[in-house]
Amino acid sequence: MEIRASVALSTLALTVAFVMTWAPVAPAQTGPEIMQKYRAIHRVKDEEEQFVLRIVSASGATKERRVVRWTLNGPDDLDKLLIRFLAPRDVENTALLTWEAKDGNDDQWLYLPATKKPKRIAASGKKNRFMGTDFSYEDMRTENPAVNRYTVSGSESVDGQDCWVVESVPATERQAAETGYSKRRVWLRKDNHSIVKREYHDKQGKLEKVETMRKLVNVKGSAWRADETEMRDVQAGTKTILSVERRAVEKGLKDNFFTEAELIRGGS
């Protein structure tokens, strides 16, 4: 009986080893797959966020702004965003409208109350800083997997959470010419696919800015958002911090809210 039991155990062990050897292994996710899933699972139909924006100089002096941002995800899965300054008085009603384009050639208009009309942002101007912050116009756009080439460069822990590290470079020569960056590195949590960190490298390949997302909250279904975002310019020693005060999702915003006419009307 002992010999039979020993033979049975040996046979079972060989069977388990064979199954483990030949069982299909789930392939690792590629950079494009990770970024496409990030875009898909965190989207809501529309969203409104009101936040405090703090601009901190290299000396530590702080300027405070109050801002509201509306986002609409259209039937073509392209975003429209409207950002409007509420205070203080010198920037009140200044606004930025962005229409995402599938090919990355997004349309952007800046409205300054003093001029009474929107000014279209040229493609070459999207690398410029937005309203004295550490964010450029291109940083204000939605992450678009169609216009970037993504590769997974490894895994790292951020605040105790295991993350993919994905490198991003422009997908076309036109995108490379228009962007202010040679590459970006993006950290995404493996548990919920949220972006928690980005590094921006300048045209010479040197680290220029680090963006950190903190205080993640679940806003609906699989969609998560950061209640605090910091963009730090490591070369200039400045930083800009966004702190969300109020958020509402799927209020029923309409496409006609995201127009040049609304840009002007909201500031009148």
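This is a predicted model: local features need pLDDT of at least 70, side-chain atom pairs count only at pLDDT 80 or more; totals for chains, interfaces and linings use all residues.
Start with the overall picture. The protein has four helices and 13 strands. There are 268 residues, and 45% of them count as buried. Now the contacts. Take those between residues at least 6 apart in sequence: 47% of them join residues at least 24 apart. The accessible surface is about 14,200 Å². Carbon and sulfur atoms account for 54% of that surface.

Next, the inside. The largest nonpolar core holds 18 residues. Which members touch the most others? They are L53, V67, L96, L110, F130, Y137 and M140. Two elements give two or more residues to this core: β1, residues 46-56, and β3, residues 79-87. The largest share comes from β1, with three residues.

Look at L96 on your screens. Leave aside residues up to four places away in sequence. L96 then touches L81, L82 and I83, as well as Q108, W109 and L110. Its list also includes F130, Y137, M140 and L263.

There is another core, apart from the largest one. This one has 12 residues, including V68, L72, Y111 and F257.

Strand β5 covers residues 107-112, and strand β6 covers 117-120. Do they run parallel or antiparallel? Antiparallel, joined by four bridges. Y111 has P118 in β6 as its bridge partner. Four residues lie between the two strands. In this hairpin, K116 takes a positive phi near 65°.

That's the tour.

Technical notes. Residues are numbered from 1 along each chain as its sequence is written. Side-chain values use heavy atoms; hydrogens and water are left out. Buried means under 20% relative accessible area, exposed over 50%, partly exposed in between (1.4 Å probe, protein chains only). Contact means heavy atoms within 4.5 Å. Accessible areas come from the Shrake-Rupley method with a 1.4 Å probe; for residues, only the protein chains shown count as cover. A nonpolar core is a set of buried Ala, Val, Leu, Ile, Met, Phe, Trp, Tyr and Cys residues joined through side-chain atoms within 4.5 Å. Two strands pair if DSSP finds at least two bridges between them.
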